[in-house]
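Hi,

Here is the model I said I'd pass on. Have a look, and then read on for what turned up.

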Amino acid sequence: QVQLVESGGGLVQPGGSLRLSCATSGFTFSNYAMNWYRQAPGKARELVASIASTGDTTNYADPVKGRFTISRDNAKNTVYLQMNSLKPEDTAVYYCNSVIRRFDIWSPYWGQGTQVTVSS
């Protein structure tokens with residue numbers, strides 16, 4: 001079955017960096033765009049970054065432009081989110097996501113999330 005497993009979250013001071021990873025299985029990774037979302041306490045889940053299946057196109061939410069970088073390794077079936085210059089407002093649970101076609105049905109799939117806390 002489809003699995004997305006995030007890792008790399010943790011506690012970091014403002015201005016610090018973290019690299020999130022999302023290891024996937026159960027589908028042809030190289031065929032699908034991948035996304036990172038985040039959800040802060042009391043707020044709606046928001047799209048942070050997206051990357052095309054080939055990795056040649058990326059998009060970012062305005063709050064993270066210039067600080068976060070999404071990338072993928074299709075040989076390892078893994079997508080990454082490099083987060084630099086972290087701010088307290090980046091504190092959230094970060095989720096890996098893709099919309100995948102199985103049995104002619106397109107459905108969103110989510111990982112379990114990884115907590116990122118930015119605090120001094």
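Below are notes on the core and on how the strands pair.

This is a predicted model, where local features need pLDDT of at least 70, side-chain atom pairs count only at pLDDT 80 or more, and totals for chains, interfaces and linings use all residues. Residues are numbered from 1 along each chain as its sequence is written, and side-chain values use heavy atoms, with hydrogens and water left out.

The largest nonpolar core has 28 residues; such a core is a set of buried Ala, Val, Leu, Ile, Met, Phe, Trp, Tyr and Cys residues joined through side-chain atoms within 4.5 Å. Buried means under 20% relative accessible area, exposed over 50%, and partly exposed in between (1.4 Å probe, protein chains only). Trp36, Val79, Leu81, Met83 and Tyr94 touch the most other core members. Strand S9 (92-102) is among the elements giving two or more residues, and S9 has the largest share, four residues. Strands here are DSSP runs (E, at least two residues), numbered from the N terminus.

Leu81 is worth a click: leaving out residues up to four places away in sequence, its contacts (heavy atoms within 4.5 Å) include Trp36, Val48, Phe68 and Tyr94. Leu81, in S8, also stands opposite Leu20. S3 and S8 pair antiparallel over six bridges, where pairing takes at least two DSSP bridges between the strands.

Those two belong to an open four-stranded antiparallel sheet, order S1-S3-S8-S7. S1 and S7 each have a single partner strand, so one side of each lacks a neighbour in the sheet.

Elsewhere, S11 pairs parallel with S2 over three bridges and runs antiparallel to S9, also joined by three bridges.

Cheers
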